[in-house]
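Subject: Model for your files, with notes on cavities, salt bridges and core

Dear colleague,

Please find the structure below. My notes on it follow.

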Amino acid sequence: MRQVIVTQEEMRIGVPAMRAYEHLVHLSEHPRFMSGVLAVSQAGDEAAHLALDIGGRRVEIDAVLGDTEPGRYVRWDSAQLVEAYWLEPLGDDATNVVAVAQLDERLVHPHGAQPDAELHARLRMDLKGFKRYCEEAEATAEEAESAPQ
């Protein structure tokens with residue numbers, strides 16, 4: 001019987017919800033902020049092939065963009081891994097991001113004593129990376145807009 005590990009984490013980031021959404025729907029950006037994403041090959045606008053490092057093992061998955069609601073919700077689906085993100089606007093320049101990851105337990109390294117704790121730590125680290133990536137992209141965009149022409 002297939003076991004699924006589920007974990008959730010949330011974080012406040014200093015960008016508008018729509019900007020966060022735009023980064024999440026483009027899997028090609030995920031290696032820049034997600035731990036364990038080794039490579040992404042786009043397979044159209046709403047699908048991609050990913051090479052992941054999960055618990056020290058290279059895993060290849062095909063993911064499709066599932067449900068979305070611009071500026072509010074993004075879901076990526078594969079047979080082995082599902083990641084969903086809820087975006088709650090906190091004014092014009094901040095967003096609360098709630099991320100939920102579901103992982104087929106068979107993908108977790110067999111030596112991992114606590115696969116749910118490993119997945120939660122990875123999700124927390126990924127959200128920190130996402131926060132940093134979004135806020136740096138926002139600062140760069142603001143600098144470019146204010147630079148003299």
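Leu24, Phe33, Met34, Tyr85, Leu123, Asp126, Leu127 and Phe130 line the second largest cavity. A cavity here is a set of points, on a 1 Å grid over the protein atoms alone, where a 1.4 Å probe fits but cannot get out, and lining residues have an atom within 4 Å of a point. This is a predicted model, in which local features need pLDDT of at least 70 and side-chain atom pairs count only at pLDDT 80 or more, while totals for chains, interfaces and linings use all residues. Residues are numbered from 1 along each chain as its sequence is written, and side-chain values use heavy atoms, with hydrogens and water left out.

Cavities

The second largest cavity holds about 40 Å³ of space; a volume is the space filled by probe spheres set on the grid points, which are joined across faces, edges and corners. Helix H2 (residues 115–146) gives the largest share of its lining, 4 residues. Helices (H or I, at least four residues) and strands (E, at least two) are DSSP runs, numbered from the N terminus. By class, this lining has 7 nonpolar, no polar and 1 charged residues. Nonpolar covers Ala, Val, Leu, Ile, Met, Phe, Trp, Tyr, Cys and Pro; charged covers Asp, Glu, Lys and Arg; the others, Gly among them, are polar.

In total there are 2 cavities of 30 Å³ or more. Strands E3 (47–54), E4 (57–69), E5 (73–77) and E6 (81–89) each supply at least two lining residues, with the largest share, 3 residues, coming from E6. The lining of the largest cavity divides into 10 nonpolar, 2 polar and 3 charged residues.

Salt bridges

The structure holds 7 salt bridges (a side-chain nitrogen of Lys or Arg within 4 Å of a carboxyl oxygen of Asp or Glu). One of them joins Arg124 to Glu9, with the closest N and O atoms 3.8 Å apart. This pair links distant parts of the chain, Arg124 being in helix H2 and Glu9 in strand E1 (residues 4–13), 115 residues apart. Arg124 is partly exposed at 33% relative accessible area, and Glu9 is buried at 17%. Buried means under 20% relative accessible area, exposed over 50%, and partly exposed in between (1.4 Å probe, protein chains only).

Arg19 and Glu138 also meet in a salt bridge, at 2.7 Å from N to O. Here too distant parts of the chain are linked: Arg19 lies in helix H1 (residues 17–25) and Glu138 in helix H2, 119 residues apart. Arg19 is partly exposed at 35%, whereas Glu138 is buried at 12%.

A network of salt bridges links Glu83, Arg122 and Asp126.

Nonpolar core

The largest nonpolar core has 36 residues, and Leu50, Val74 and Phe130 have the most contacts inside it. Such a core is a set of buried Ala, Val, Leu, Ile, Met, Phe, Trp, Tyr and Cys residues joined through side-chain atoms within 4.5 Å. H2 supplies the largest share of this core, 6 residues. Not counting residues up to four places away in sequence, Val74 touches Tyr21, Leu24, Val25, Leu65, Asp67, Thr68, Glu83, Ala84 and Tyr85 (contact means heavy atoms within 4.5 Å).

Regards

Conventions. 1 Å grid on protein atoms, 1.4 Å probe; cavity = no way out; pocket = protein on both sides within 12 Å on 5 of 7 lines; lining within 4 Å.
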